[in-house]
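Please keep the sequence and structure open while reading.

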Amino acid sequence: QCRRAFLTIPWGVRKLYTFAYLDRLWNLCASERIAMGVDKPIPGDLIWADRATRTVRVLEANEVEDASIFDVVIPRPGKEIMLPRNLIGKLMSQYLQYDLDGGLQDLS
């Protein structure tokens with residue numbers, strides 16, 4: 001019944017709700033990252049591989065000293081998005097798993 005009711009909402013408004021959910025998830029994860037009290041990157045963070053092509057890569061433990069907190073990227077979850085390989089990535093996955101049953105696969 002809930003699914004049928006949701007599908008009666010115009011497509012543009014449904015899309016707005018989807019983006020609002022993803023933005024809330026991003027805000028929760030960014031807040032958690034700040035609450036961790038770290039002012040430098042940690043292993044598993046995503047950092048820019050190339051800003052021009054907007055590609056990211058996972059920061060390895062031996063690279064932490066060479067990176068800045070300003071290199072860290074917290075992605076907005078999506079179909080083809082890489083998640084951090086640390087607590088923040090796990091938190092995103094847990095929220096998606098709980099809210100969407102299928103996790104990131106449900107976003108496709």
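The model is predicted. R57 has a relative accessible area of 31%, so R57 counts as partly exposed, since that value falls between the 20% and 50% cut-offs. The partner of R57 is E63, and the two form a salt bridge with the closest N and O atoms 3.0 Å apart. E63 is likewise partly exposed, at 24% relative accessibility.

**Salt bridges**

- The count of salt bridges comes to four, and the pair of E63 and R57 is one of them.
- Side chains of opposite charge can pair when their charged atoms come close.
- D23 and R76 meet through their side chains in a salt bridge, with an N to O distance of 3.3 Å.
- Because D23 lies in helix α2 and R76 in the loop between β3 (72-73) and α3, this pair ties together parts that are 53 residues apart in sequence.
- D23 is partly exposed, with a relative accessible area of 33%, and R76 is partly exposed as well, at 37%.
- D45 and R33 also meet in a salt bridge, at 2.6 Å from N to O.
- D45 sits in the loop between α2 and β1 while R33 sits in helix α2, so the pair ties together parts that are 12 residues apart in sequence.
- Both D45 and R33 are buried.

- Where is R33 placed? R33 belongs to helix α2, which spans residues 11-35.
- The relative accessibility of R33 is 5%; R33 therefore counts as buried, the cut-off being under 20%.
- Not counting residues up to four places away in sequence, R33 touches V38, K40, P41, I42, D45, I69, V72, I74 and I88.

**Nonpolar cores**

- In soluble globular proteins, nonpolar side chains tend to be buried together.
- Which residues make up the largest nonpolar core? The seven residues are L25, C29, L83, I88, L91, M92 and L96.
- Helices α2 and α3 (87-100) each supply at least two residues of this core, and α3 gives the most, with four residues.
- M92, a member of the largest core, is in contact with L25, C29, I74, P75, P77 and L83, leaving aside its neighbours within four places in sequence.
- A second, separate core has five residues, among them I47, L59, V64 and V72.
- V72 from this second core is also among the residues that R33 touches, and I88 from the largest core is another of the residues touched by R33.

**Cysteines**

- How many disulfides does the structure hold? The number of disulfides is zero.
- C2 has a relative accessible area of 68%, so C2 counts as exposed, the cut-off being over 50%.
- C29 has a relative accessible area of 0% and is buried; C29 is one of the residues of the largest nonpolar core and is in contact with M92.

**Backbone at R54**

- R54 is placed in the loop between β1 (46-50) and β2 (55-58).
- The phi of R54 is near 60°, a positive value in a residue other than glycine.
- Is R54 buried or exposed? R54 is exposed, because its relative accessible area of 66% is over 50%.

Key: Residues numbered from 1 in each chain as written. Predicted model: local features only at pLDDT ≥ 70, side-chain atom pairs only at ≥ 80, totals over all residues. Heavy atoms only, no water. Buried < 20%, exposed > 50% of the residue type's maximum accessible area, 1.4 Å probe, protein only. Contact = heavy atoms within 4.5 Å. Core = buried A, V, L, I, M, F, W, Y, C linked by side-chain atoms within 4.5 Å. Disulfide = S-S within 2.5 Å.
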